[in-house]
Amino acid sequence: VLTATAVLLAGLALSLAFYVQSRNAGRRLEKEYRVVETLNRFLARDLIGAANPSISGRTGVTVMEAAKAARPHIDERFGEAPEIRAALHQAMQEALAGLTDYEGSIEEGRKAVEAHLAATPVDALALSESRIRLGWCLSREGHYDEAGAVLKETAAEVARLAPAHPQTQIRYWEALSQIAIDQLDGKTALELDRKSWALMQTVPDADPVFRERIEFNLAESLRIAHELGESEAVLRDLIARQALHWGAGHWKTRFSEAVLANNLAAQKRYDEAGALLPLAIAALDAALGPDSRRALMARSILANLYVNQTRYAQALPLYRDIYTGMVKLSGEESSAGFVALSDLAFTTQLAGDSRAAEPLMRRALQIAQKLYPPDSPVIHGVRYNLATCLLDLNRPAEAAPLLQGIDAGLYAQSRLSPPEAPQAMLDYQAGRLALERGDAATALPLLRGAVAVLSEKMASTLEVFRKRDGDLVAQAEAQLGGGKGLR
C-alpha cells in the first residue's frame with residue numbers, strides 16, 4: 001500500500017510539474033504574443049503612421065522625423081515589456097547621437113538604461129553599450145562629471161566583457177577619449193585613441209562605420225597633438241576607403257575632406273585646404289541641411305581658414321551663422337554654443353571692432369564660469385581675450401584684474417593649437433597694460449623681452465600685435481626719453 005501510495009504521489013507531483021510548466025509556457029507564449037501585437041501596432045500606428053500625410057498632416061516626412069514622433073509612445077505601448085522598451089530607446093539613442101542631436105540621445109539613453117535595469121535577466125552587454133553612449137553624449141554637451149560617473153558605473157562590466165566583446169572595450173575608450181578632448185586633455189585622448197585603433201586591427205569583422213569613426217578620432221587626436229604629418233596620413237587613408245565604400249561625393253567622405261582641410265590649414269597649406277571646403281560644405285548642406293552640426297563644423301573650418309589668412313570680413317558672417325546654428329542645436333549655455341560665441345567674439349576683435357567684441361566676450365566669460373571650474377584652461381583663455389579687448393578700448397583698470405593670475409601653461413592649453421610662447425604673450429599684454437597706465441619704466445623691460453621672444457617664435461602673432469598697437473617698445477622708450485634711464 002505504501003509503495004502504491006508513493007507511486008501515486010510521485011505521479012501526481014510529476015503531473016503537477018508538467019501542468020505548472022505547461023501553464024507557465026502558456027503564459028510566456030501569451031505574453032510574447034501580446035508583445036508582438038503591441039510592437040506591430042507601434043510600428044503601424046506610431047512609426048509608419050507618422051509618415052502618413054493623413055495622420056501627420058505633412059508630406060515628405062523623413063524616417064528620422066517619424067521615429068522622433070514615435071518616441072513618446074514607447075513607454076506607453078511597452079510598459080510591461082522592459083526588454084522591448086530598452087531595445088527601442090537604445091536604437092533611438094544611437095540614431096540621435098549619429099545625427100548629433102546629443103540632448104535627444106541623452107534623454108533616450110537615460111530611458112534605455114532604466115529599462116535595461118528593469119528587465120529580467122539584465123542584458124549586461126546592451127546595458128554597458130547604452131551607458132557608454134550616454135557618457136559620450138553627456139561629455140559632448142559639457143556634463144563632464146556626470147559623463148565620468150556613468151562610465152565609472154560600467155567600467156568593471158566592460159573589463160569582464162572585453163575578451164569576448166572587444167568592440168565594447170573600444171567604445172568605452174572612445175567615450176573616455178571624448179571626455180578628455182572636450183576638456184582639452186589632448187595627451188590622454190591620443191593615448192586612448194591609439195589603444196582603440198590598435199585593438200580595432202584585431203577585429204576584422206568590425207562594422208565599417210565604427211571602424212571609420214575610430215580612425216577619424218585618431219586623426220583628430222594626432223592633429224591636436226601637433227602630429228600633423230601622421231594625422232594627414234591617417235585621414236588620407238580614411239578618405240580613400242570611404243570613397244570606395246560610400247562614394248567620392250558622399251557626405252561622409254566630404255566631411256572627412258573638410259577635416260583634412262583643417263589639418264592642411266594648420267600646416268599653412270591654405271590653397272590646398274581652400275580647394276576642399278566648398279565641395280564638402282555643398283555635400284553636407286544637401287545631405288544633412290545647412291543647420292546640421294556637421295555642416296556648421298565645415299563652415300567653422302572655412303571661417304578659421306579665413307582668420308588664418310587675416311580675411312576677417314569673410315570669416316565674420318560665417319561665424320555669425322555658426323553661432324546661431326549651434327545655439328539652436330544645443331542652447332546658448334552649452335559647450336558648443338560657448339565655443340561658437342568665443343570664435344565670433346575673437347574674430348570681431350581681430351576685425352578691429354573691439355567695442356562690439358566686448359559684450360560678446362563678457363557673455364562668453366559668464367558662460368565659461370558656469371561650464372568650467374576656475375582653474376580650467378578655458379577660463380584662463382577667455383580672461384586673456386577679454387583683457388586684450390579692454391586694453392584695445394583703453395580701459396586698463398578693468399583689464400588688470402583679468403590678466404592678474406593667468407597661468408601661461410593653462411592659457412596655452414586653452415587653445416587647440418597652443419602658442420609656442422604663451423609667457424611672452426602674457427608679458428606683452430602686461431607691458432601694454434603698464435604703458436596705458438603711464439608706467440613706461442615697468443612696461444619697457446616687459447615689452448622688450450616679449451617682443452624678442454615673439455619675433456623668434458611667433459612672428460605672425462607679433463605682426464598682428466604691431467598692426468593693432470604700433471611699436472610699443474618705441475612708445476615706451478619715447479616716454480622715457482629714449483630709454484636712457486634704463487640703459
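Q: Is Phe465 buried or exposed, and what is the relative accessible area behind that label?

A: Buried means under 20% relative accessible area, exposed over 50%, and partly exposed in between, with a 1.4 Å probe and protein chains only. Phe465 has a relative accessible area of 6% and is therefore buried. This is a predicted model, in which local features need pLDDT of at least 70 and side-chain atom pairs count only at pLDDT 80 or more, whereas totals for chains, interfaces and linings use all residues. Residues are numbered from 1 along each chain as its sequence is written, and side-chain values use heavy atoms, with hydrogens and water left out.

Q: Where is Phe465 placed, and with which residues is Phe465 in contact, leaving aside its neighbours within four places in sequence?

A: Helices (H or I, at least four residues) and strands (E, at least two) are DSSP runs, numbered from the N terminus, and contact means heavy atoms within 4.5 Å. Phe465 belongs to helix H24, residues 459-469. Once the neighbours within four places in sequence are set aside, Phe465 is in contact with Tyr384, Met425, Tyr428, Gln429, Leu454 and Gly470. Met425 is 40 residues away from Phe465 along the chain, and the C-alpha atoms of the two are separated by 9.9 Å.

Q: How many helices and strands does the chain have, and what percentage of its residues is buried?

A: The chain has 25 helices and zero strands, and buried residues make up 47% of its 487 residues. Of the contacts in the chain with a separation of 6 or more, 59% are between residues 24 or more positions apart. Accessible areas come from the Shrake-Rupley method with a 1.4 Å probe, and for residues only the protein chains shown count as cover; the accessible surface of the chain comes to about 23,700 Å², with 57% of that belonging to carbon and sulfur atoms.

Q: At what angle do the axes of H17 and H18 cross, and what is the handedness of the crossing?

A: Axes are lines fitted to C-alpha atoms, for helices over the stretch in contact, and angles run from 0 to 180 degrees between N-to-C directions. Angles under 35 degrees count as roughly parallel, over 145 as roughly antiparallel, 65 to 115 as roughly perpendicular and the rest as oblique. The axes of helix H17 (residues 335-350) and helix H18 (residues 354-371) come within 8 Å and cross at roughly 155 degrees, and H17 and H18 are therefore roughly antiparallel to each other. A crossing is left-handed if the near helix is turned anticlockwise from the far one by less than a right angle, and right-handed if clockwise; that of H17 and H18 is left-handed. The residues making the contact include Phe338, Leu341 and Phe346 of H17 and Leu360, Met361 and Ile367 of H18.

Q: How do the residues of the contact of H7 with H8 divide by class?

A: Ala, Val, Leu, Ile, Met, Phe, Trp, Tyr, Cys and Pro count as nonpolar, Asp, Glu, Lys and Arg as charged, and the others, Gly among them, as polar. The axes of H7 and helix H8 (residues 144-161) come within 8 Å and cross at roughly 155 degrees, and the crossing is left-handed. Among the residues that meet are Arg131 and Ile132 in H7 and Glu153 and Glu157 in H8. The contact of H7 with H8 divides into 11 nonpolar, four polar and five charged residues.

Q: Which residues are in contact with Asp182, leaving aside its neighbours within four places in sequence?

A: Asp182 lies in helix H9, residues 166-182, and counts as buried at 13% relative accessibility. With the neighbours within four places in sequence left aside, Asp182 is in contact with Ser139, Arg140 and Tyr144.

Q: Which residues does the cis peptide bond join, and what is omega there?

A: The general idea is to look at the backbone torsion and then at the place of the residue. A cis peptide bond joins Thr120 and Pro121, with omega about -5 degrees, and Pro121 is found in the loop between helix H6 (102-118) and helix H7 (124-140).

Q: What is phi of His226, and where does His226 lie?

A: Phi of His226 is near 70 degrees, a positive value in a residue other than glycine. His226 lies in the loop between helix H11 (208-224) and helix H12 (228-245), and counts as partly exposed at 42% relative accessibility. Phi of Thr310 is near 55 degrees, again a positive value in a residue other than glycine, and Thr310 has its place in the loop between helix H15 (293-308) and helix H16 (312-330).
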